[in-house]
Amino acid sequence: MVGVEYLKPTLNITAERLTEKAKSFVKNCGACAVGITTLETLEGGPPSTNLEYVLPGAKSAVTFAIPLDQDKIRNYLAKKDRDGHQVNYNDVNTLATGVASQLASFFEECGFESVGVQANQVYRDDGASVPWEYRPNISHRLLAVRGGVGWFGLSGNVLTAEYGANVNLCTMVTTAELAPTDPLPAEENYCDCTSMECMAACPSGFLRDAKKERITVTMGGQSFSYGERTSYDRCIYVCAGFTGLHPSGRWSTWSPGRFPIPKQDEDLKVASERAYKAWTQRPYMDGHTLQAPLLYAATGRDVQLSCGGCMLVCTPDKEERARRLKTLQNSGVVVQHSDGTMEAMSPQQAQHCMGGLDDETRALYEPADPEIYQDMEIVGGDDQE
């Protein structure tokens, strides 16, 4: 059989050629921004910037951002359509993981060991960490900021120049020596940390210390800062959908839960356990789910997007950010009907609806034993406004 001689490798594949190929590859697949980091540019960073954790001998990483559908985000924030954003988020998350895997395969065929890192839901399980501590094998956001995909916002989310935080990030790690890209100029970061829509869009208080305290990360001799966050359990309490009513009572996330939000992180354990048990017994919200292995392994249930406000209100346009926050705060309070369907209504209508439930059903959404919260300091009223 005659071989196809003209397909034999003849090119001198330089670092510059591979670097440009990596950039064009992911952009051809839908990425809006891409950056490259190396062992040198990540030196001194946290454990989640250690490329060799996922690939011994790794020298470089390609991190990229794929945008989410902006119209679906607007409808989600307005409580018009939860599932449209859920499906789009799933699709983009899967696409990003697939692009990283495809790029890794491409580099493998060029003679370099490579691995695509999943976009999400992969956590360290080693002598230093266990999965439920939610420490990623590789931090896409740290690599993204160091490589110039975007800046840190006050929230700690990565903000891209075109889509703000409305993106999913992913990474390919390789033994190829690629040319690193520079961080974006700090002075061009649109997040001036004054309007703080991200903080106002978060019912949990996860970002309450962000305006006065900073976390600084140094990688390759360059430092990057974002707002201090409280316990991640506080974010999980709301973002997993265990509860969702804003402390003001005037609006909610897509979660129908109405469990109190403790002010002190040490009180979260009791509050979370009660809300978690109720959440496991509720009907699924109508629509699709997000595949979350840790929750599934514990409960046999998948999680559904219900919050994400800090990320979704954050766009580069200042007026659009204000519009999105106003939309969220005027979106009403969600109530779940017995068939799982969700309906947004006024706080007064929602309270009336809850009052008509039998005790057993009502306990799925709000405390059956409110006395356990009597000794807790509860966030309420305008604390989060």
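Predicted model: local features only at pLDDT ≥ 70, side-chain atom pairs only at ≥ 80, totals over all residues.
**Stop 1: the cysteines**

Stay on Cys307 and show sulfur atoms. The closest cysteine sulfur belongs to Cys239, 4.1 Å away. The structure as a whole holds zero disulfides. Now pick Cys191. This cysteine is partly exposed, at 21% relative accessible area.

**Stop 2: Arg282**

Move to the loop between α7 (268-281) and α8 (293-299), where Arg282 sits. Arg282 is buried, yet it makes no salt bridge. Glu366 has the nearest side chain of opposite charge, and it is 9.9 Å away.

What lies beside the polar atoms of the Arg282 side chain? Look at two backbone oxygens. The one from Leu364 is 2.7 Å from a polar atom of that side chain. The one from Phe242 is 2.8 Å from a polar atom of the Arg282 side chain.

Next, show the residues around Arg282. Beyond its neighbours within four places in sequence, its contacts include Gly241, Ser255, Pro256, Gly257 and Phe259. Arg301, Gln336 and Tyr365 are also among them.

**Stop 3: Val145**

Select helix α4 (residues 140-147) and find Val145 in it. Val145 is buried, with 3% relative accessible area. Which residues touch Val145, leaving aside its neighbours within four places in sequence? They are Gly150, Trp151, Phe152, Val158, Pro183 and Phe224.

Finish with Thr63. Thr63 and Val145 are 82 residues apart along the chain, and their C-alpha atoms are separated by 9.5 Å.

Technical notes. Residues numbered from 1 in each chain as written. Heavy atoms only, no water. Helix = DSSP H or I, 4+ residues; strand = E, 2+ residues; numbered from the N terminus. Buried < 20%, exposed > 50% of the residue type's maximum accessible area, 1.4 Å probe, protein only. Lys, Arg positive; Asp, Glu negative; His and termini not counted. Salt bridge = Lys/Arg side-chain N within 4 Å of Asp/Glu carboxyl O. Polar contact = N/O pair within 3.5 Å; in protein donor to acceptor, adjacent residues only side chain to side chain. Contact = heavy atoms within 4.5 Å. Disulfide = S-S within 2.5 Å.
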